[in-house]
Amino acid sequence: MEALKGIRILDMSHVQAGPTCSQLLAWMGADVIKFENPAGDATRGQLRDVPNADSLYFTMLNCNKRSITVNMKTAEGKQVFVDLVKKSDIVMENFGPGVLDRLGFTWEKIHEINPRIVMGSIKGFGSSGPYADFKAYENVAQAMGGAMSTTGVPEGPPFVTGAQIGDTGTGLHLAIGLLAALNQANRTGQGQYVEVAMMDGVMNLCRVKFRDHQRLTRQALSEYSVPTYQGMGEVPRAGNDSGGGQLGNAIHCRPHGANDWLYIVVQEAVWEALANRIGPDIGMPNLATDPKFHSIGERRKNQPLMWTLINKFAEKHTKREFMEILNPLNVPCGPIMSTQDLATDEHVKGREMWVELDHPQRGKWWNVGMPIKLSASPAKIERSPTLGEHTDEVLKFVLGYDDAKIASMKQAGAFSTPPKTPKKAA
Ligand SMILES: CC(C)(COP(=O)(O)OP(=O)(O)OC[C@H]1O[C@@H](n2cnc3c(N)ncnc32)[C@H](O)[C@@H]1OP(=O)(O)O)[C@@H](O)C(=O)NCCC(=O)NCCS
């Protein structure tokens, strides 16, 4: 983990969008100090599966970080923040609109404290424009960034996708921005503000749908299996269509359970071999030369029928058997893998994408591994920190505070939640 060795990140981020970014940077070797409200990141207690233990929601997004709890609503807590800003290369946050400003720390203020620092902010909709004041969660971003309106089938409701493109997708965008800004700071000595709006990130991931949006002004979308026409205006939901120049779809296989599907791409180059293999079995020995399918244009026109024929062939085969038939023909395809399939898959295990860890509160658990493989900086995945586990360590060894100073700050409530004021009797 050498790539980001020596880079310190003051990570005020919470929930998923920010933590997913800082976890990746920690896996590349950065020293990530998770700067938490004394009550802790809310996800520590959300969707708990083991009583009194940090939830998987938290542990899976906060590996290889140190945790320090600081009450930013005290003068002492603010001082700790200022001191850490001076000692960090990056500060990052994904609070609701205006939260950090209300705490007294605008970007201008942070820049003044440490001109070299790079600041990363995730907001639902950015800091400008009519939506700037709105909070956002994953599915709000999917709704507003174009993903939901283009996912599902035309006659059904819009759908969210299980991949967390609003949160984790935005975290990835932020990581790229932070590394670019860090590079510039190394050259110029000047940090900068890096902002990623979740809505913008989702739009970026839906880029091909905006390609189709513009094509619709001139033509129908011939590769779509659902009806389209020039001037349609909105890109329709197109089920499992491939969305690219090659036709693709999910084919239902034996024994027809929820995940007994194989996604196949009927690439132009493989049609003849595919048709010659499946045609005889479905009573169409001349499928390859059938005028309804012999050119890509015809296959596009008769797409629903083509999928019906391929589905008919698949009725007798499991998804793995069908894949084995298609692999030698060079047909790009992949079984729909369930979480169970993936958690037990040899390929996944071999690539260290499903990693076993230990945790003092919850015992053995598993995390999804590091998807970016750096040859000279392999990630070594370590468990997430317990709440405030490294508060003293950071105060002493990063900030150089002595025991007396730490004790007096503790006394002043710098690292704890203020006791609740009892409600006055009516
Ligand atoms: C995710 C989100 C909706 C959660 O909303 P929320 O739970 O109301 O949390 P907020 O970020 O708005 O507010 C955090 C509060 O904790 C307080 N807080 C945070 N860190 C603190 C600390 N170290 N010490 C004291 N108080 C702290 C803030 O001051 C703020 O209090 P305020 O409301 O009095 O200003 C919101 O943070 C958001 O929209 N974030 C940007 C978009 C985003 O990242 N969404 C995806 C999350 S996966």
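Tutor: Gly29 comes after helix α1, and its phi is positive, near 110°. Helices here are DSSP runs of H or I with at least four residues, strands are runs of E with at least two, and both are numbered from the N terminus. Residue numbers start from 1 along each chain, in the order in which its sequence is written. The model is a predicted one, in which local features need pLDDT of at least 70 and side-chain atom pairs count only at pLDDT 80 or more, while totals for chains, interfaces and linings use all residues.

A residue is buried if 20 or more other C-beta atoms, placed from the backbone, lie within 10 Å of its own, exposed if 12 or fewer do, and partly exposed in between. The buried residues of α1 are Ala17, Gly18, Pro19, Thr20, Cys21, Ser22, Gln23, Leu24, Leu25, Ala26 and Trp27. For the protein chain, 35% of the 426 residues count as buried.

A buried residue also occurs in a loop. Tyr224 sits in the loop between α9 (207–215) and β7, and it counts as buried because it has 21 C-beta neighbours inside 10 Å. Leaving aside residues up to four places away in sequence, Tyr224 touches Ala238 and Asp241; such a contact requires C-beta atoms, placed from the backbone, within 7 Å. Tyr224 and Arg300 are 76 residues apart along the chain, and their C-alpha atoms are separated by 7.6 Å.

Strand β7, at the end of that loop, belongs to an open sheet of three strands in the order β7-β8-β9, with antiparallel pairing. Strands pair if DSSP finds at least two bridges between them. The edge strands, each pairing on one side only, are β7 (247–252) and β9 (333–335). On average, neighbouring strands of the sheet are turned by 15° against each other, direction ignored. Strand β8 (residues 261–266) is joined to β9 by three bridges in the antiparallel sense, and Tyr263 has Gly334 in β9 as its bridge partner. Across β7 and β8 lies helix α12 (residues 303–314), running at about 40° to β7. Such angles run from 0 to 180 degrees between N-to-C directions, and the axes are lines fitted to C-alpha atoms, for helices over the stretch in contact.

Two further helices pack against each other. Helix α7 (residues 168–188) and helix α8 (residues 198–205) meet at an angle of about 95°, and their axes are 9 Å apart. That makes α7 roughly perpendicular to α8; this word covers 65 to 115 degrees, whereas angles under 35 count as roughly parallel, over 145 as roughly antiparallel and the rest as oblique. On the side of α7, the contact is made by Gly169, Thr170 and His173, and α8 contributes Met198, Gly201, Val202, Asn204 and Leu205.

As for the whole, the protein chain has 17 helices and 11 strands. Its C-alpha atoms fill a box of roughly 85 × 60 × 50 Å along the principal axes. Among its contacts with a separation of 6 or more, 66% come from residues 24 or more positions apart.

Terms used: Contact = placed C-beta atoms within 7 Å.
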